[in-house]
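Trainee: Please take me through this model. I want to know what each label rests on.

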Amino acid sequence: MSSHATSKTFSRRDFVRTCLTATAMMGLPLRMAARVMDAAQADDRPPVIWLHFQECTGCTGSLLRSSHPAVSSVILDLISLEYHETLMAGAGLQAEQSRHEAMTAYRGRYILVVEGAIPTAGHGAYCRIGGKTAHELLNEAADGASLILCLGTCSSYGGIQAADPNPTGAVGVRDLLKQKTIVNIPGCPPNPYNFLSTILHFLTFKRLPKLDGLGRPQFAYGRKIHEHCERRPHFDAGRFAQAYGDEGHAQGYCLYKLGCKGPATHANCSVQRFNDVGVWPVSIGHPCIGCTEPDLLFRTSIEEKVPIQEPTPFEGYAPAVVERKGKGADPLTTGLAGLGAGLALGAGMMMSKRLPHATPPPEKTIHEKTEPA
Ligand code: FSX
Ligand code: SF4
Ligand code: F3S
């Protein structure tokens, strides 16, 4: 199956813009963009086998429905898609045959992309394709792969299928392939740019980007969304929506008290937004539900608050003394103390949006200890 069917649906300008965005996302100097673009246009496109297990197919859906600047077209032009159950025309034996042929022809060279969790209960009875269990199919395909990429929270950690009581025994790929290096691109669904940038990094430098302890590329998941949230000045100033539709909600105040998991969620949603028009959950008034975190998504209720401990103001500003009683801090108290910091951080955030990331950003821009629930 060739990806060329979808190619040439984007302009040169879109291509350059997409590569520049990916370069900046990776934290690379913009002068590296030419090298990234060269890698994106190289003739030896890596073969890709793309498997689907327990999931809603939203990961593929959100990737393909991105229209401007044609990130999906760039991705599909970047790789040689040999097998993808959602996109391929073939079915049944024909599809099985094409998967076998691809695994044989490109053994040791192909990238394996996995979407969806793998059920382990009932001897894998809950997800069988072509007479084989998801686990068997995963093992077969992983054996000859040069790189395994898990797209979405389901394949990364089990996702919604693994929510209590997890009747199918669903797990993520990393729970089954413990000896392999696996790159996780979590999110339900993940941002297509995080996927694109990871592949571009691999093609440009012939090695993986730096990963965190959960196998996530640090350039995309190295910071908490709370650090660059546009509602952060409200958090620091102690202005919170108390209920959906109240005055604070209408004013765009911080959603922490509605259960926003942003202070404990590692992702770049607040910077690299979604849907071509630059929205993300928090910008449209919904608390972050921590969809990139294995311990948050579908494991905590939406209204449950993540603990925030010892928040301190932005490090570039005069110290503020926060009086706290007992363990943990009331965000209202700390927010008032951080008013000045919040305003300044907001200004800093706006500046950071205007300036390209010419160098990798610092590890943290605020000093804050947070712990997932
Ligand atoms: Fe899961 Fe993706 Fe959420 Fe859906 O493939 S991460 S349920 S958006 O489709 O796996
Ligand atoms: Fe934004 Fe949520 Fe943090 Fe509030 S708690 S600043 S809404 S990420
Ligand atoms: Fe997910 Fe939270 Fe981003 S719910 S999409 S990590 S804002």
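Mentor: Start with a definition: buried means under 20% relative accessible area, exposed means over 50%, and partly exposed lies in between (1.4 Å probe, protein chains only). This is a predicted model: local features need pLDDT of at least 70, side-chain atom pairs count only at pLDDT 80 or more, and totals for chains, interfaces and linings use all residues. Residues are numbered from 1 along each chain as its sequence is written, chains are lettered from A and ligands numbered from 1 in the order in which they are written, and side-chain values use heavy atoms, with hydrogens and water left out.

Trainee: Why does serine 270 count as buried?

Mentor: Its relative accessibility is 2%. The limit is under 20%. So serine 270 counts as buried.

Trainee: Where does serine 270 lie?

Mentor: In the loop between α12 and β10. Helices (H or I, at least four residues) and strands (E, at least two) are DSSP runs, numbered from the N terminus.

Trainee: What makes the pair of serine 270 and isoleucine 225 a polar contact?

Mentor: A polar contact is a pair of N or O atoms within 3.5 Å; within protein, one must be able to donate a hydrogen and the other to accept it, and residues adjacent in sequence count only if both atoms are side-chain atoms. Here a polar side-chain atom of serine 270 lies 3.0 Å from the backbone oxygen of isoleucine 225.

Trainee: Why is isoleucine 302 called partly exposed?

Mentor: Isoleucine 302 has a relative accessible area of 37%.

Trainee: What makes arginine 17 and aspartate 14 a salt bridge?

Mentor: A salt bridge needs a side-chain nitrogen of Lys or Arg within 4 Å of a carboxyl oxygen of Asp or Glu. For arginine 17 and aspartate 14, the N to O distance is 3.4 Å. Both lie in helix α1 (residues 12–25), three residues apart, about one turn of the helix.

Trainee: Which other salt bridges can we check?

Mentor: Take glutamate 140 and lysine 132: their closest N and O atoms are 2.5 Å apart. Glutamate 140 is partly exposed at 25%, and lysine 132 is partly exposed at 24%. Aspartate 212 and arginine 216 are both buried. The structure holds nine salt bridges.

Trainee: How do you know which residues are around ligand 1?

Mentor: A residue is near a molecule if one of its heavy atoms lies within 4 Å of it. Among those around ligand 1 are Cys56, Gly58 and Cys59. A backbone N or O atom of glycine 58 lies 2.7 Å from an oxygen atom of ligand 1. For cysteine 59, the distance from a polar backbone atom to a ligand 1 oxygen is 3.2 Å. Helices α3 (58–64) and α7 (153–157) each supply at least two residues of the shell.

Trainee: What classes make up the shell around ligand 1?

Mentor: Five nonpolar, five polar and two charged residues. Ala, Val, Leu, Ile, Met, Phe, Trp, Tyr, Cys and Pro count as nonpolar, Asp, Glu, Lys and Arg as charged, and the others, Gly among them, as polar. Around ligand 3, the shell has eight nonpolar, three polar and no charged residues.
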